[in-house]
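Thanks for asking me to look this one over.

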Amino acid sequence: MTRNFEMASKGLPMTTIEHYVAPSSLAQAAECLRSGEVTILAGGTDLMPQSQAGRLKIKRTLMNIRGVPELKGIAIEAGAIRIGALCTMTEIMQDKLVQQHLPVLVQACDHFASDQIRNAATLGGNVCNASPAGDTLVPLLVLDAEVELASKPDGSLSRRRMTLAKFFVGPGRTKLGLAELLAGVRIPLPPANHYARFFKFGTRPALDISTVSIGIAGTLASGVLTNVRVAFGAVAPVPMRAPRTERALEGRRLDAAAIDAVAEVAREEVTPIDDIRATAWYRRELIRNITKRMLAHVAQS
Ligand SMILES: Cc1cc2nc3c(=O)[nH]c(=O)nc-3n(C[C@H](O)[C@H](O)[C@H](O)COP(=O)(O)OP(=O)(O)OC[C@H]3O[C@@H](n4cnc5c(N)ncnc54)[C@H](O)[C@@H]3O)c2cc1C
C-alpha cells in the first residue's frame with residue numbers, strides 16, 4: 001500500500017516535501033514515478049547528507065523503496081547473476097553466489113566505508129549516485145555489468161537494460177529517465193580462469209573515499225590476460241573503462257618492460273582533476289604505480 005503523510009523529521013526541508021510514499025511493489029513504485037516530482041530513497045547514506053548540505057533538493061514526494069520485494073535478493077538468472085538494487089554492501093559481501101563467482105565485488109565492498117554504512121548503503125544507491133569515486137562501480141565495469149531499469153511509460157510495467165559503461169554521463173548524472181528506477185544489476189557469470197582484482201587507494205585504509213581506484217579483469221592463462229577489462233575510479237568525470245590500456249595489455253606477456261609500458265598508457269589515459277583529496281599529478285602517478293603493482297601480480301598468477 002502507498003502511504004502519504006507529511007515529513008516530520010527535522011533534518012528534511014519541510015518546505016519542499018509534501019508526501020512520503022512507501023510502495024510495496026515495483027509496479028506501485030513505477031506508477032508513483034509517473035507523476036514526476038519524486039525523489040527515491042533507498043539507504044539514504046548519500047541522499048540525506050547531500051540534502052542537509054544543500055547540494056540536493058528533495059522533490060515534493062519522497063518515495064522510500066525499501067518495501068519493494070522485486071528490488072531485493074541475489075540469484076542466477078539466464079547465465080547472469082542478478083543483484084537487486086536494494087542489496088546492501090553487507091548482503092553482497094555475505095552472499096555465497098557473489099563470494100563464489102564475483103570475489104572482486106566482495107573485495108570492493110570490504111573496502112567500503114564502515115560496518116554501519118555497509119549495513120544501510122545499497123548497490124542501487126551507489127550506482128544511481130554516480131560518483132566517479134563510487135567503490136562498486138569500477139569492479140562492476142570490469143565485470144561487464146548491465147543495469148536493469150523499470151518504468152511504466154504507458155501504464156504497464158516495462159524494463160530495459162543498458163551496459164553500465166554507457167549509464168554514466170557526468171558526476172552525479174546518469175541516463176536514468178525521470179520516471180525510471182534502477183531495479184537491479186546483472187553480471188554475466190564469469191568464465192573459467194577468470195581473473196579480477198580491485199584496488200582502492202585512499203589517504204587512510206578505512207572510512208575514506210577513493211583517491212583513485214583500479215579494476216583489472218580478464219581470462220588468465222600462464223600470466224597472460226585476454227578479454228582484458230580495465231577500469232579506473234576518481235580520475236575522470238565518470239567511473240571509466242580504459243580502452244587504450246586494455247589494448248596495451250591484451251594478450252601481452254608481462255615482463256618488466258611490458259608492465260612499465262602498459263602502466264604508462266594507463267597514466268596517460270586518465271584525466272583527473274585537483275581536489276581536496278589529491279592533485280591531478282598525484283592521481284596520475286598513483287594510477288601508474290598501482291597499475292604496475294597489479295600487473296606484477298597478474299604476471300605471477
Ligand atoms: C560516512 C559515509 C561513508 C561513505 N563511504 C563510501 C565509500 O567508502 N565508498 C562509496 O562508494 N560510497 C561511500 N559513501 C556513499 C554512500 O554510502 C554510497 O554511495 C551508497 O551506496 C548509497 O546507497 P544508498 O542506498 O544509501 O543510496 P541513497 O542515499 O538512498 O540514494 C542515493 C541516490 O540514488 C538514488 N537512488 C537510490 N536507489 C535508487 C534506485 N533503485 N533507482 C533509482 N534511483 C535510486 C537516490 O534518489 C539518490 O539520488 C559513504 C557515505 C557516508 C555517509
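**Notes on two sites**

1. The second largest pocket has a volume of about 190 Å³. A pocket here is an open set of points on a 1 Å grid over the protein atoms alone, where a 1.4 Å probe fits, with protein on both sides within 12 Å along at least five of seven lines. Its volume is the space filled by probe spheres set on the points, which are joined across faces, edges and corners.

2. Before going on, please keep in mind that this is a predicted model: local features need pLDDT of at least 70, side-chain atom pairs count only at pLDDT 80 or more, and totals for chains, interfaces and linings use all residues. Residues are numbered from 1 along each chain as its sequence is written, and side-chain values use heavy atoms, with hydrogens and water left out.

3. The lining of the second largest pocket comprises 14 residues (each with an atom within 4 Å of a point), and Val142, Leu143, Asp144, Pro191 and His194 lie nearest the centre. Strand S12 (212-221) gives the most to this lining, with three residues. Strands are DSSP runs (E, at least two residues) and helices likewise (H or I, at least four), numbered from the N terminus.

4. Around the ligand there are 29 residues, the closest being Ile40, Gly43, Thr45, Asp46 and Thr122; to be counted, a residue needs a heavy atom within 4 Å. Helix H7 (123-129) gives the most to this shell, with five residues.

5. Which polar side-chain atom lies 3.2 Å from an oxygen atom of the ligand? One belonging to lysine 200. A backbone N or O atom of glycine 43 lies 2.7 Å from a ligand oxygen (polar contacts are pairs of N or O atoms within 3.5 Å).

Conventions:
Polar contact = N/O pair within 3.5 Å; in protein donor to acceptor, adjacent residues only side chain to side chain.
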